[in-house]
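Please look at the sequence and the structure before reading on.

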Amino acid sequence: MKNLWEATAEPSPESERLTGNRNAEVAVIGAGFTGCAAALRLAQASIDVCVIEAEDIGYGASGRNVGLVNGGLWVEPQKIEAELGQDNAQRLNDMLMRAPDVVFDLIEKHNMSCEVTRAGTLYCAHAQSGFRKLERRAEQLIAAGAPIKLLSSDEAREKIGSDAFHGALFDPRAGTIQPLSYVRGLAKAASKAGAKFYTRSRVNTLTHDGLQWRVATSQGSVSAKSVILATNAYTASLDSATMPSFVPIHYCQFATTPLGKDLAHTILPERQGVWDTATVMSSFRMDNNDRLIVGGIGRLDGPGARAHAAWARRKLKSLFPAVQVQHFEFGWSGRMAITGDRLPKIARIGPGALMVHGYNGRGIGPGTIFGTALADYLLGGDESVLPLPIVDQHRESFRLLKSCFYEVGATVFHLLSARVK
Ligand SMILES: Cc1cc2nc3c(=O)[nH]c(=O)nc-3n(C[C@H](O)[C@H](O)[C@H](O)COP(=O)(O)OP(=O)(O)OC[C@H]3O[C@@H](n4cnc5c(N)ncnc54)[C@H](O)[C@@H]3O)c2cc1C
């Protein structure tokens, strides 16, 4: 099965394979939200920047996600404060609260065509315990000035067209996009401003000779004073000193054929994007062609693929009994970078070289903000423009064991749950 976003995305800007030896002021490795947002900011400041991507623009998580543009992180603001201290937490929360505005403004400014629907998102309570969690979250967010609203189960039913939930947290600032079109839109804007894109060019070595970096692929290299490593959960072929450390968790999505106008109007009539409070969470949304897209934890390139697809069919049936799904037209999965404290990390990998990773499944807003901020830091050298302090390294323990645990747990859960008699 194919990725819906690939089938419906706007085209990428021109790019070529990296061959021969070239120079740039900044080399960005990885063309997702982070790398493309950084390249855009640098190119706009007339910096000679190139982006080197192993596959195609948006190949990683940026071209595979749900497309929910949310403010803040998964972690509750108070927990962020407990981890980072008041000042650092305030800076991070303030910057990420503005994330939907930043993303939607960029889309408008650069005239990107990416299925924008700014009707908010709904974080839904799968059980009474989930509703209590939402109440706690709402209290903290409202205290921080967020214009969110806690909805009763009746109000949630009206917005969703399903009575499966015990209430929801509605964030009107948020919305949905076609994520692959957005990352390609960022790349197109960066390219127009002068950034150079090299695709099908996997970086194998990253070395510093005391003066500058040499970023080498099998067929070419770029010498640059500064480097941004934006390879996140898709990091491949780099040595361990530059490998970000995280727990890889996979998330899969399935899209129906277009539902037809009558049925489509009964589901999310205002077109919010939805996810829920369950431990093995799920999400759903519509696309611009009235396809219903459902997602849950799991990978489609592993032995659990059939269980995940069967679960998705049952899940849709339990949410919207009128939707008849014999088979899905599209199915795909992607990898998220999860960290122990659920916070992203900016790490220094050498002089003038930074790596960012670990958006923990919320990277459209954060990727855009962190990428732009990394560029600002390289432009001015002022660390206070970054959403987080720079760390020297970040290590996670038992990464693969934890990753297996999530995949096996999700497979078992999907085999057992949401059965419709
Ligand atoms: C299934 C799924 C659903 C999600 N849903 C949402 C959502 O609804 N909302 C939200 O905000 N976030 C969501 N996320 C998270 C979000 O998609 C990611 O956090 C974000 O895309 C990360 O962007 P990035 O640019 O940092 O990394 P990526 O988009 O992963 O880009 C990294 C790039 O680096 C390249 N690369 C790797 N190694 C090399 C190398 N050696 N040389 C050259 N290039 C290399 C890769 O090919 C890749 O293209 C989701 C993630 C997944 C997987």
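The model is a predicted one, in which local features need pLDDT of at least 70 and side-chain atom pairs count only at pLDDT 80 or more, while totals for chains, interfaces and linings use all residues. Residues are numbered from 1 along each chain as its sequence is written.

**Domains**

The protein chain is assigned domain 1 (1–118 + 175–245 + 341–390), domain 2 (121–172) and domain 3 (247–338 + 398–421), with bounds that come from an automatic or database domain assignment. The centres of domain 1 and domain 3, taken over C-alpha atoms, are separated by 27 Å. Between these two domains, 24 residues of domain 1 are in contact with 23 residues of domain 3, where contact requires that the C-beta atoms of two residues, placed from the backbone, lie within 7 Å. The side of domain 1 that touches domain 3 comprises ten nonpolar, eleven polar and three charged residues; in this classification Ala, Val, Leu, Ile, Met, Phe, Trp, Tyr, Cys and Pro count as nonpolar, Asp, Glu, Lys and Arg as charged, and the others, Gly among them, as polar.

**The ligand shell**

The ligand is surrounded by 43 residues, of which the closest are Gly 30, Gly 32, Gly 60, Gly 334 and Gly 363; a residue is near a molecule or strand if its C-beta atom, placed from the backbone, lies within 6 Å of it. Domain 1 and domain 3 each contribute at least three residues to this shell. Helix H2 (33–44), strand S16 (330–338) and helix H11 (364–380) each provide at least two of the shell residues, helices (H or I, at least four residues) and strands (E, at least two) being DSSP runs numbered from the N terminus. By class, the shell holds 19 nonpolar, 18 polar and six charged residues.

**Helix pairs**

The table lists the axis geometry of three pairs, with axes being lines fitted to C-alpha atoms, for helices over the stretch in contact, and angles running from 0 to 180 degrees between N-to-C directions.

| Helix pair | Axis distance | Angle |
|---|---|---|
| H2 and H8 (residues 179–192) | within 8 Å | roughly 25° |
| H3 (residues 77–84) and H4 (residues 86–97) | within 7 Å | roughly 135° |
| H10 (residues 305–319) and H12 (residues 399–416) | 8 Å | about 45° |

Angles under 35 degrees count as roughly parallel, over 145 as roughly antiparallel, 65 to 115 as roughly perpendicular and the rest as oblique. H2 is therefore roughly parallel to H8. In the contact between them, Phe 33, Cys 36, Ala 37, Ala 39, Leu 40 and Ala 43 of H2 meet Val 183, Leu 186, Ala 187, Ala 189 and Ala 190 of H8, which gives eleven nonpolar, no polar and no charged residues.
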